Amino acid sequence: MGASTLKVLKKFPESFRLVSFSVHSNTKLALELIDEFRPDFVCITDEKQIGVFGDKKNGTRIVYGPTGLDEIVSLSEVDTVVTAIVGAAGALPTITAIKAKKKIAIANKETLVTFGPYINRLVKEYGVSMVPVDSEHNALFQLLEKEERNNIRAITLTASGGSFRDLPIEELPNVSIKQALNHPTWSMGPKITVDSAGLVNKGLEVIEAHFLFGFSYDQIEVVIHPESLTHGIIETLDGACLQYTSHPDMIYPVAHALFYPNKTPKLLIDRKPHSWKNLSFRNPDPNRYPALALAFQAGRTGGAAPAIFNAANETAVSLFLEEKIPFVQIPRIIEETLNELVITYPEDWDGFFEKDREARSFVNGKYLKGVHV
């Protein structure tokens with residue numbers, strides 16, 4: 001997502017300036033971007049890298065850790081913050097940016113999944129606009145602006161189906177990390193690519209769509225769309241479907257979010273409809289993607305259930321990437337965590353965060369004891 005944002009900045013240098021950015025531990029990339037964009041600030045969040053550049057590098061001020069993130073999203077020169085940190089770790093700087101009254105271009109779905117009711121209260125309290133950058137939510141955002149809300153029967157999120165969409169189900173217990181990271185359409189980080197392979201990512205997006213757009217879970221649907229050309233569909237009361245279709249490149253939703261409420265002023269990619277060839281859709285197989293139903297379950301339960309779902313998944317994906325559990329264990333871990341933990345209905349940050357922490361502790365505790373869940 002960061003790379004796509006930089007592509008937009010380079011395409012529209014007259015419209016945008018990169019004031020600040022963050023990396024976790026990739027200091028080599030940070031140096032390259034400092035030389036290319038000359039930002040005012042850079043934040044490095046990895047505790048092991050604190051002080052690696054001192055206070056300044058090539059004219060750019062360097063800050064570190066969570067306090068550094070809070071500083072760079074609060075700068076008076078910044079009017080838009082693209083939140084693309086992976087996982088629930090992206091929530092705190094997003095909250096800081098909301099309180100600083102920045103426009104939020106949100107690409108961190110876990111913020112809304114884990115803390116949705118709290119985040120929505122803050123957005124309303126501080127009067128900020130939150131524009132989704134995920135391709136599916138951005139597509140729905142644009143479609144929903146063009147149609148009367150009371151004329152909408154349902155919204156549909158499309159999914160590529162991930163790395164294993166055509167693999168025989170009986171082979172799933174033995175898939176490797178390399179196979180899981182071989183996404184058929186998008187080039188993404190390891191965590192989100194694994195999420196996509198099990199449609200956990202789409203489950204998270206279902207919950208995010210609920211908090212972004214206010215539709216009930218009975219009005220949110222998911223379809224497998226291997227071509228990844230249609231990103232969102234709305235169905236009107238009369239049964240007609242309106243869809244947003246574009247070449248699968250994150251430059252489209254990023255540009256829309258950065259320019260919003262204005263329109264992107266010029267051509268991004270020249271791809272005519274006849275180049276799209278086929279558009280095919282099918283329902284997700286619940287036996288191949290059991291975590292999708294668990295996401296709907298968590299969403300309908302409400303309260304801290306989505307936070308538990310997300311925390312259990314993040315922990316399980318880390319265990320898979322560390323080769324400590326098989327791929328098929330991920331949804332089993334999510335299900336047991338949802339079943340074992342008491343679902344509360346918090347009203348503040350601390351309550352949601354406590355359940356996030358409890359879920360992570362539960363999963364790690366079961367694993368460290370050698371108990372297979």
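Helices H8 and H12 pack at an angle of about 105°, with their axes 10 Å apart. Helices here are DSSP runs of H or I with at least four residues, strands are runs of E with at least two, and both are numbered from the N terminus. The axes are lines fitted to C-alpha atoms, for helices over the stretch in contact, and angles run from 0 to 180 degrees between N-to-C directions. H8 and H12 are therefore roughly perpendicular to each other; that term covers 65 to 115 degrees, while under 35 counts as roughly parallel, over 145 as roughly antiparallel and the rest as oblique.

The model is predicted, with local features needing pLDDT of at least 70 and side-chain atom pairs counting only at pLDDT 80 or more, whereas totals for chains, interfaces and linings use all residues. Residues are numbered from 1 along each chain as its sequence is written, and side-chain values use heavy atoms, leaving out hydrogens and water.

On the H8 side, Pro190, Lys191, Val194 and Asp195 meet Asn313, Glu314, Val317, Phe320 and Leu321 of H12. Contact means heavy atoms within 4.5 Å. The residues of this contact divide into five nonpolar, one polar and three charged. Ala, Val, Leu, Ile, Met, Phe, Trp, Tyr, Cys and Pro count as nonpolar, Asp, Glu, Lys and Arg as charged, and the others, Gly among them, as polar.

H8 spans residues 190–197 and is mostly covered, with six of its eight residues buried. Buried means under 20% relative accessible area, exposed over 50%, and partly exposed in between, using a 1.4 Å probe and protein chains only. The buried residues of H8 are Lys191, Thr193, Val194, Asp195, Ser196 and Ala197. Their cover includes helices H5 (109–126), H7 (177–180), H9 (200–213), H12 (305–321) and H13 (329–340). Just after H8, Leu199 takes a positive phi of about 60°.

Helix H9 also holds Glu205. An unreviewed UniProt entry places the feature "binding site" at Asp134, Glu136 and Glu205. These residues are spread over 72 residues of sequence but cluster in space, the largest C-alpha distance being 8.8 Å. UniProt positions follow the numbering used here, feature names are shortened, and annotations may be inferred rather than shown by experiment.

Glu205 is buried, with a relative accessible area of 2%. Not counting residues up to four places away in sequence, Glu205 touches Lys109, Asp134, Glu136, His137 and Leu157. Asp134 sits in the loop between strand S7 (130–132) and helix H6 (135–145). Asp134 is buried as well, at 7% relative accessible area. With the sequence neighbours up to four places away again not counted, Asp134 touches Met1, Ile106, Ala107, Lys109, Glu205, Glu208 and Met250.
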